[in-house]
Structure formats: structure tokens, C-alpha cells
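The following note comments on a single structure in numbered points. Please read each point with the structure in view.

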Amino acid sequence: MLSPFRAFSQHCLRSRACFHRSFHSPLQNDQKQLSTILDELSAPSAPTASNPNAPWVQQGVRRRFDHKLFIRPHYFSHDHRFKGPPPFSKRPLIGPGKKKAKQQDVFYRLGVDPLQEASNDVLMSSFVTEMGKIKHRAETGLTTKTQRRLGKAIRRAKMMGVIPVLSSARLPWN
């Protein structure tokens, strides 16, 4: 007695399921199209998109966010979204190595102490820029010891008034 009822109820369930599959409202159709478009867009197009450690993926100039990752507030800033990674900083200009500096260093090769030449305005002004700054070792090519002693000699010459403090000395032939 229950078997015909059970067969009838299963037939109704099957027909309702078929009815719901065949009939979709316009809203459901739009949602389905939107979900397919989003699935296509979120599909990894580059091998970097499959990297789970990357918080964002580069797509041309603009970055997009990866799913299932923590999003920080600065990720929404214009600089983070549209600019590339920061460039590597340049190595500071330290100067030549010990062997090369000994070959280039005039004071070292001639055995002259820069502190003894503090009153020589022509020599001291050749190691000073137009604004009166002491040239660094990368420009002069001196050894570290000679560069320190030269700096001390230039500061002494400025205090004695041999060379100007805020600019390079004007030589008569320049």
C-alpha cells in the first residue's frame, strides 16, 4: 500500500527537480553569467598567479589581489597597486681598494704628509668642490689614511683663511 505512494512521491520529486532546472528567472541567469565571468577572470593566466605566497599578482601595470590571502590597508593605495617594486639602492661610492689606492695616491707615492701642506692653497683647493665641500675618496682616489689627513688639512686651511670656507678658491689663472 505504501509502495504506490512512494513511487508517486519520488516521481513528483524528480519532476520538481526537472522543473527547477529548466526554469530560471532572469535574476538567476544574470547571477550565473556573472559567476562564469568572474571565474574566467580569476583563473590564473600567469604562472605567478599560482604562487600562494604572493599577496598580489602583477597584471601589466595594475596589480590584482589573490584569493585567500590577508589584505592589508596599504594594498589599496595607488602607489602599491599601480607602481612596480622599488628599485635596488645603489652601492655607496666608497673608493678604490687598498692596492689601487696606493698606486693612485700622490701623497703616498711622494711621501708627503697632507697636514704639512695645509698652507698650500693651490693643493688644498684642488681637493675641494665649487661649493667648498671636501671631495670624497671615490673622487680623489686616495688611501683612507691620506684622505682623513687631507680632510683635516683642508679644515685647518679653512680656519686659517688660506682657502674660502663656502666656495673653492679663485685662482688667478682660472
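1. Threonine 143 sits in the loop between helix H7 (137-140) and H8. Helices here are DSSP runs of H or I with at least four residues, strands are runs of E with at least two, and both are numbered from the N terminus. Threonine 143 is buried, at a relative accessible area of 11%. Buried means under 20% relative accessible area, exposed over 50%, and partly exposed in between, using a 1.4 Å probe and protein chains only.

2. Which side chains make polar contacts with the side chain of threonine 143? One is that of aspartate 105, at 3.1 Å, and another is that of threonine 146, at 2.7 Å. A polar contact is a pair of N or O atoms within 3.5 Å; within protein, one must be able to donate a hydrogen and the other to accept it, and residues adjacent in sequence count only if both atoms are side-chain atoms. When neighbours within four places in sequence are left aside, threonine 143 is in contact (heavy atoms within 4.5 Å) with Ala101, Lys102, Asp105 and Arg137.

3. On the basis of the note: the model is predicted, local features need pLDDT of at least 70, side-chain atom pairs count only at pLDDT 80 or more, and totals for chains, interfaces and linings use all residues. Residues are numbered from 1 along each chain as its sequence is written, and side-chain values use heavy atoms, with hydrogens and water left out.

4. The largest nonpolar core has twelve residues, among them Phe107, Phe127, Leu142, Leu150 and Ile163. Such a core is a set of buried Ala, Val, Leu, Ile, Met, Phe, Trp, Tyr and Cys residues joined through side-chain atoms within 4.5 Å. Helix H8 (residues 144-160) gives the most to this core, with four residues. Leucine 150 touches Phe107, Pro114, Met124, Phe127 and Leu142, residues up to four places away in sequence not being counted. In soluble globular proteins, nonpolar side chains tend to be buried together.

5. How many aromatic pairs are there? The count is one aromatic pair, where rings of Phe, Tyr and Trp (its six-membered ring) pair if their centres lie within 6.5 Å, and planes under 30 degrees apart count as stacked, over 60 as edge-to-face and the rest as tilted. The pair of phenylalanine 107 and phenylalanine 127 is tilted, because the ring centres are 5.7 Å apart and the planes are at 40 degrees. Phenylalanine 107 belongs to helix H5 (residues 106-110) and phenylalanine 127 to the loop between helix H6 (121-125) and H7, so the pair ties together parts that are 20 residues apart in sequence. Phenylalanine 107 is buried at 5% relative accessibility, and phenylalanine 127 is buried at 14%.

6. The structure holds one salt bridge, defined as a side-chain nitrogen of Lys or Arg within 4 Å of a carboxyl oxygen of Asp or Glu. Aspartate 113 and arginine 149 form this bridge, with the closest N and O atoms 2.7 Å apart. Aspartate 113 lies in the loop between H5 and H6 and arginine 149 in helix H8, so the pair ties together parts that are 36 residues apart in sequence. Aspartate 113 is partly exposed at 22%, as is arginine 149 at 30%.

7. A last point concerns confidence. The mean pLDDT (the predictor's confidence in each residue, from 0 to 100) of the chain is 76, and 65% of its residues reach 70 or more. Confidence is lowest in helix H1 (residues 2-22), at a mean of 51, and highest in H8, at 96.
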